[in-house]
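Student: I'd like to learn how to read a helix and a chain contact. Could you walk me through one?

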Protein chains: 2
Amino acid sequence: MEIELIEKQLKAVADANRLKILACLKKGEVCVCDFTDVLGISQPAVSQHLRKLKEAGIITERKVGTWKHYRIQENQTTLMQGVIASINEEWTCGCKIESECVGD
Amino acid sequence: MEIELIEKQLKAVADANRLKILACLKKGEVCVCDFTDVLGISQPAVSQHLRKLKEAGIITERKVGTWKHYRIQENQTTLMQGVIASINEEWTCGCKIESECVGD
DNA sequence: TAACTATATAATGATATGCTTATATTATGT
DNA sequence: ACATAATATAAGCATATCATTATATAGTTA
């Protein structure tokens, strides 16, 4: 595995808000608007975090009308599988889940 | 596991130079001076990287006369075990090993 | 003690990160 | 077409990160 990809993925997850986002996504699909309440940051800030996770290949998006539902990418790298396994679902602060995670 | 600790450990490893340091340390103990050649950065820069890894509980040091030998901490968190497993030993660029890794 | 070596710390500067507010884009409903 | 809603992008700012050079600390040796 390339050091550049590993570095990119690790940088993507090395942030408390993004770890909380992933904690939510472990439960299923979540739309952007649900994260703003949970994290206590603005909508653009959430959008930027999601982009960083998406560009690292950790999450994917799905369009549902005006909404976008994000979920954890299936076929994850071994590295990210390990990181995701270490994420505690209690960090979600009870974020609302839109639909069950397809990947699990 | 606490989100603060996970974040701290992930930040510590989310850097190409520190991943290369860990790649060296997978082989055994290495002293500070050996890293400066491999990484192509100054001695203080190496020292600061090692401190960050040490403060995250990922590596430990051992004094050998004027030298300090660093090695990967035994009894690692599951998270860091996974990260270290993903590190390719070829990233070391042939750094000199001072002694065999005790932990392995 | 003085000189030398290995490492750590301090100060500084350039770039990256993460937030904000403002604006653009895209889809829905009337 | 127009208003509304959800999300993305742009611009700006405060702070963090990672490098540098200069200096401090600690061990070794003459």
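Student: Which residues of helix 4 of chain A are buried?

Tutor: Val46(A), His49(A), Leu50(A) and Leu53(A). Buried here means 20 or more other C-beta atoms within 10 Å of the residue's own, exposed means 12 or fewer, and partly exposed is in between, with C-beta atoms placed from the backbone. Helices (H or I, at least four residues) and strands (E, at least two) are DSSP runs, numbered from the N terminus. One caution: this is a predicted model, where local features need pLDDT of at least 70, side-chain atom pairs count only at pLDDT 80 or more, and totals for chains, interfaces and linings use all residues. Residues are numbered from 1 along each chain as its sequence is written, while chains are lettered from A and ligands numbered from 1 in the order in which they are written.

Student: How should I picture those buried residues?

Tutor: An α-helix has 3.6 residues a turn, so residues three or four places apart point the same way.

Student: What covers the buried residues of helix 4 of chain A?

Tutor: The cover includes helix 1 (3-13), helix 2 (16-25) and strand 2 (59-64) of chain A, among others.

Student: And how many residues does the contact take from each chain?

Tutor: There are 18 from chain B and 18 from chain A, contact meaning C-beta atoms, placed from the backbone, within 7 Å. On chain B's side, helix 1 of chain B gives the largest share, six residues.

Key
Two residues are in contact if their C-beta atoms, placed from the backbone, lie within 7 Å.
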